[in-house]
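Biologist: Please show me the sequence and the structure, and then let us work through them by question and answer.

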Amino acid sequence: QVQLVESGGGLVQAGGSLRLSCAASGRPFKAYAMGWFRQAPGKERDFVAAFRWSDGGTRYADSIKGRFTISRDGAKNTVYLQIDALKPEDTAAYYCAAAMTPFAFGRSANDDEYDYWGQGTQVTVSS
């Protein structure tokens, strides 16, 4: 069993930055990929970014390119999401997810490719 714990959310003014963390623990952690998704109140969960563990490949949602950066610390089994130039529309619960088996990386936005999910961390951006 794998546990994912997100942290780093909070209340921030528009234009500010946050770095979210997702720490994985449990059985020897050998994920194929990890992703970040977000869900705003009253909306469906949306893909944000994904990181392929083997070679550092990344994918981003078009809507956030240039402001969000996904990265990892392999020694800590931790994935980060750096968010810059925050906007009120970035307000959402942010979830990380881990996929333990390979899939076509182009399908990173499909949440059914992921096996484990964290509980989420809330990001609230004030205008």
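Modeller: Helices (H or I, at least four residues) and strands (E, at least two) are DSSP runs, numbered from the N terminus. This is a predicted model, in which local features need pLDDT of at least 70 and side-chain atom pairs count only at pLDDT 80 or more, whereas totals for chains, interfaces and linings use all residues. Residues are numbered from 1 along each chain as its sequence is written, and side-chain values rest on heavy atoms, with hydrogens and water left out.

Biologist: In which part of the chain is S108 found?

Modeller: The secondary structure comes to zero helices and 11 strands. S108 is found in the loop between β9 and β10 (116–117).

Biologist: Is S108 buried or exposed?

Modeller: A contact means heavy atoms within 4.5 Å. By this rule, and not counting residues up to four places away in sequence, S108 touches F37, F47, A50, R59, F103 and Y114. Buried means under 20% relative accessible area, exposed over 50%, and partly exposed in between (1.4 Å probe, protein chains only). Because its relative accessibility is 0%, S108 counts as buried.

Biologist: With which side chain does the side chain of E113 make a polar contact?

Modeller: E113 is also found in the loop between β9 and β10, and it is buried because its relative accessible area is 17%. Leaving aside neighbours within four places in sequence, E113 is in contact with A99, F103 and R107. A polar contact is a pair of N or O atoms within 3.5 Å; within protein, one must be able to donate a hydrogen and the other to accept it, and residues adjacent in sequence count only if both atoms are side-chain atoms. At 2.5 Å, the side chain that makes such a contact with E113 is that of R107.

Biologist: What is the length of the polar contact that joins the side chains of R38 and D90?

Modeller: R38 is found in strand β4 (residues 33–39), and it counts as buried because its relative accessibility is 15%. Beyond four places in sequence, its contacts include E44, D46, E89, D90 and Y94. The polar contact between the side chains of R38 and D90 has a length of 2.9 Å.

Biologist: How many residues apart are the two cysteines C22 and C96?

Modeller: A disulfide is a pair of cysteine sulfur atoms within 2.5 Å, and a search of the whole structure finds one. It joins C22 to C96, with an S to S distance of 1.9 Å, and both residues are buried. C22 lies in strand β3 and C96 in strand β9, so the pair links distant parts of the chain by this numbering of strands; their separation is 74 residues.

Biologist: Is the disulfide of C22 and C96 right-handed or left-handed?

Modeller: A disulfide is a covalent bond between the sulfur atoms of two cysteines. The torsion about the S-S bond of C22 and C96 is about 50°, so this disulfide is right-handed.

Biologist: What value is the phi of N77 near?

Modeller: Most residues other than glycine have a negative phi. N77, in the loop between β7 and β8, has a positive value, as a residue other than glycine. A85, in the loop between β8 and β9, also has a positive phi. The phi of N77 is near 50°.

Biologist: What is the radius of gyration of the protein?

Modeller: The radius of gyration is taken over C-alpha atoms, and the globule rule is 2.2 Å times the number of residues to the power 0.38. The C-alpha trace spans about 40 × 25 × 25 Å along its principal axes, and 46% of the 127 residues count as buried. For 127 residues a compact globule would have a radius near 14 Å, which agrees with the value for the protein, 14 Å.
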